[in-house]
Amino acid sequence: MNSVPAICLLRLSALGDVCHCIGLVRALQRQWPDAALTWIIGKNEFRLVRELPGVEFMVYDKRAGLAGVRNLRRLLNGRRFDVLLHAQVSLRANLLGTLLRADRRIGFDASRSREGHRLVVNETLPAVPYQHQAEALLEFARVLGAEPAGVDRAPPVRDEDRQFAARHQPEPGRAVLISPCSSHAMRNWTVAGYAETADWVIEKTGRAVILIGGPSAQEKQLGAAIEAAMRHKPLNLIGKDTLGQSLAMLERAACLVAPDSGPVHFAAALGTPVVGLYASTWSRRSGPLGSLEHCVDRFPEACRRYLGREPEQVRWGKRIEKPGVMTLIEPEAVIAGLRVVLDQSR
């Protein structure tokens with residue numbers, strides 16, 4: 001593709017995958033600085049990337065039902081794009097893809113396609129076995145000839161949010177953040193595990209522990225339970241910061257401890273080490289890119305215990321969201337990972 005293209009990216013959710021798409025967008029902008037880039041994105045996810053320069057956002061509100069579809073059609077106003085990067089295979093995304101007019105409609109290969117995805121694209125990414133989800137999204141840039149190697153993947157952070165982080169973390173690179181809650185409850189680690197790990201950080205390293213998370217009842221309850229189970233006092237900011245302030249907190253921290261969730265990807269993209277907690281999902285596919293070596297990953301054991309199979313024998317992307325699966329993660333293993341990360345940050 002030699003001329004300056006008009007490119008539409010369709011990726012509505014979730015927050016972690018939207019974060020992965022930042023590198024894709026920047027790779028396209030590096031290749032074609034004057035390209036017209038349009039991103040169709042979910043209302044909640046838009047908060048993460050709204051400060052990205054040079055991108056026209058069309059925000060889709062799934063909760064609006066048919067009104068949300070009509071609003072997107074109005075925003076499109078019959079426009080035609082040179083390229084559609086159809087970077088989501090959900091039924092909702094595939095239905096919205098039928099509203100988009102584009103000469104080239106690039107989507108996922110057959111092994112990753114579902115819910116009619118192949119019906120709304122005319123080109124596919126190359127099939128790459130065992131490809132990390134972040135790399136799969138960056139593959140859209142490679143198909144167009146825009147090499148993403150070395151591109152900045154960090155979400156934008158505002159100065160006023162950095163001021164919030166500086167108030168709660170006076171010394172940069174010192175505090176250990178714990179984001180205990182995933183949007184999938186079966187991916188959450190145990191209260192006892194979090195409490196033992198947090199107490200070790202405070203007792204053995206003298207570092208502050210800060211709990212972060214959203215305002216949902218589930219997140220607040222889990223944070224309160226961890227705090228009650230601890231011998232020492234963490235700073236509990238769960239439900240007390242915005243998404244932008246959370247990004248600034250992650251940017252300033254020594255490291256993050258969290259299960260498979262958006263914050264592990266935010267932190268990794270910002271260059272902050274992550275001790276990821278994986279058992280219901282496989283870090284090889286959805287772990288924090290750049291911190292995979294620090295993850296405590298018990299997915300292989302979960303496959304053997306719950307499915308009676310080796311991890312390579314199950315479908316790529318398989319989730320094992322069963323009661324008790326996250327108890328396969330031992331606090332000792334998490335603490336060992338933290339020792340390595342914190343020793344490196346001195």
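Reader: What volume does the largest cavity have?
Author: The largest cavity has a volume of about 40 Å³, where a cavity is a set of points on a 1 Å grid over the protein atoms alone at which a 1.4 Å probe fits but cannot get out. The volume is the space filled by probe spheres set on those points, joined across faces, edges and corners. This is a predicted model, in which local features need pLDDT of at least 70, side-chain atom pairs count only at pLDDT 80 or more, and totals for chains, interfaces and linings use all residues. Residues are numbered from 1 along each chain as its sequence is written, and side-chain values use heavy atoms, without hydrogens and water.

Reader: How many cavities of 30 Å³ or more does the search find?
Author: The search of the whole structure finds 1.

Reader: And which residues line the largest cavity?
Author: The lining, meaning residues with an atom within 4 Å of a point, consists of Ile7, Cys8, Leu9, Val25, Leu28, Leu37, Thr38, Trp39 and Val55. Helices (H or I, at least four residues) and strands (E, at least two) are DSSP runs numbered from the N terminus.

Reader: Which strand pairs with E1?
Author: E4 does, in the parallel sense over 4 bridges; pairing requires at least two DSSP bridges. Leu10 has His86 in E4 as its bridge partner. E4 also runs parallel to strand E5 (residues 101-107), joined by 5 bridges, and Arg80 stands opposite Arg101 in E5.

Reader: Why is E4 called largely enclosed?
Author: Because 5 of the 7 residues of strand E4 (residues 80-86) are buried, that is, under 20% relative accessible area with a 1.4 Å probe, protein chains only; over 50% is exposed, and in between is partly exposed.

Reader: What about Arg285: where is it found?
Author: Arg285 is in helix H11 (residues 283-286). Arg285 counts as partly exposed because its relative accessibility is 26%. Gln133 is 152 residues away from Arg285 in sequence, yet their C-alpha atoms are 5.7 Å apart.

Reader: Changing topic, what is the strand order in the open sheet of 6 strands?
Author: The order is E9-E8-E7-E10-E11-E12, with parallel pairing. Strand E9 (235-236) and strand E12 (296-297) are the edge strands, each pairing on one side only. Strand E8 (residues 209-211) pairs with E9 over 2 bridges, and Ile210 has Leu235 in E9 as its bridge partner.

Definitions and conventions:
1 Å grid on protein atoms, 1.4 Å probe; cavity = no way out; pocket = protein on both sides within 12 Å on 5 of 7 lines; lining within 4 Å.
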